[in-house]
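Have a go at each task before you read its solution.

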Amino acid sequence: MSRAAFFNEATAACRQAGPDSALAVIMIDIDSFKAINEHYGHLVGDRAIEAVADVVGAFEAPAGRMGSDEFGILLKGETLAGALKIAKDLHAVLSDLTLETAEWTIHVTCSLGVGEFHPGDAADDLIKRADLALYHAKRGGRDRVATTPPDSWMSQRPRLGVSLARWLTKPAPHVRDRRKGAPPGDALYARVFAIIDLLISAGLSDEVAAQVMTQRLETAGGTTPKSCEETDWWRYILDRRAAFRAGDTTEDALKEYQNVVAAIESIAPHERVECALANDIWDRRRMVAGQRSPTKRLLVS
């Protein structure tokens with residue numbers, strides 16, 4: 001199926017599902033597909049897609065092409081345990097795929113993510129839960145099957161989880177050279193506090209929200225302040241946030257915080273987390289979300 005047709009099928013299945021219904025989705029992605037295209041050419045890349053599509057299409061369940069090299073399978077009547085078994089069997093078949101080229105034989109591998117229906121899920125929730133599991137498979141080394149723990153907050157809030165997974169490990173280009181490892185200042189911390197407040201409002205705990213932003217600071221080239229030698233950086237950030245909220249701040253830092261909050265509030269609620277994490281919090285003149293539209297800019301000058 002096309003992505004739209006698969007989504008419609010999943011939507012109908014979610015609407016028909018009751019509190020005790022079994023329903024799952026498997027997301028499949030070809031590993032290192034960009035490298036295949038770049039090294040062997042798009043014709044070989046097309047053959048890789050066709051080979052995976054043949055395996056997926058032969059499976060007796062609704063299946064669709066969700067992106068250039070990504071596929072989905074809708075498993076009606078399957079619990080997470082049953083879907084995982086099916087995914088592992090499917091992975092075993094996909095692991096045998098090879099392509100003959102003028103140079104040599106290419107071994108094609110795939111990563112698979114499995115997501116289970118939760119009562120109240122829309123199709124987007126179900127698919128994003130499987131998509132989030134696919135991120136886990138990719139980060140775990142590729143060529144494997146993964147899911148999200150059923151008691152994980154990410155499993156409970158898959159849309160937020162996908163937004164976090166997409167942006168957490170993306171360092172900001174050129175920022176390391178610009179900041180040269182300098183520790184954050186008051187203004188930057190104020191901007192971080194605004195994003196932490198947003199993450200908390202989206203359902204994260206204070207601790208997890210602070211840990212998320214600590215990782216963003218680290219991947220953007222920041223260094224742990226000397227005052228954190230006896231404690232975790234994320235705990236230090238929470239302590240600074242508490243002091244900030246108690247009024248221990250400068251006028252400039254407060255203005256930074258207010259500007260970010262105002263910008264966040266100008267964005268549609270369902271896009272706020274992803275837009276906030278997409279922005280370069282280290283350099284206010286470089287804005288990823290600023291490429292979207294003037295009304296959706298964060299961290300404005």
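**Exercise 1: two tyrosines**

At 17% relative accessibility, is Tyr-236 buried or exposed? Then work out how the rings of Tyr-189 and Tyr-236 are arranged.

*Solution.* Keep in mind that this is a predicted model.
- Step 1: Buried means under 20% relative accessible area, so Tyr-236, at 17%, counts as buried.
- Step 2: Tyr-189 is buried too, with a relative accessible area of 1%.
- Step 3: The ring centres of Tyr-189 and Tyr-236 are 6.2 Å apart and the planes meet at 65°. Planes over 60 degrees apart count as edge-to-face, so this pair is edge-to-face.
- Step 4: Tyr-189 sits in helix H9 and Tyr-236 in helix H11, 47 residues apart, and the pair links these distant parts of the chain.

**Exercise 2: a second ring pair**

Find which helices the pair of Phe-244 and Tyr-257 ties together.

*Solution.* 
- Step 1: The two rings, 5.2 Å centre to centre with 55° between the planes, form a tilted pair.
- Step 2: Phe-244 lies in helix H11 and Tyr-257 in helix H12, so the pair ties together parts 13 residues apart in sequence.
- Step 3: Both Phe-244 and Tyr-257 are buried.

**Exercise 3: the sides of a helix**

Decide where the buried residues of H3 lie around its axis.

*Solution.* 
- Step 1: The buried residues of H3 include Val-44, Ala-48, Val-52 and Val-55.

Definitions and conventions. Residues numbered from 1 in each chain as written. Predicted model: local features only at pLDDT ≥ 70, side-chain atom pairs only at ≥ 80, totals over all residues. Heavy atoms only, no water. Buried < 20%, exposed > 50% of the residue type's maximum accessible area, 1.4 Å probe, protein only. Helix = DSSP H or I, 4+ residues; strand = E, 2+ residues; numbered from the N terminus. Phe/Tyr/Trp six-rings, centres within 6.5 Å; stacked < 30°, edge-to-face > 60°.
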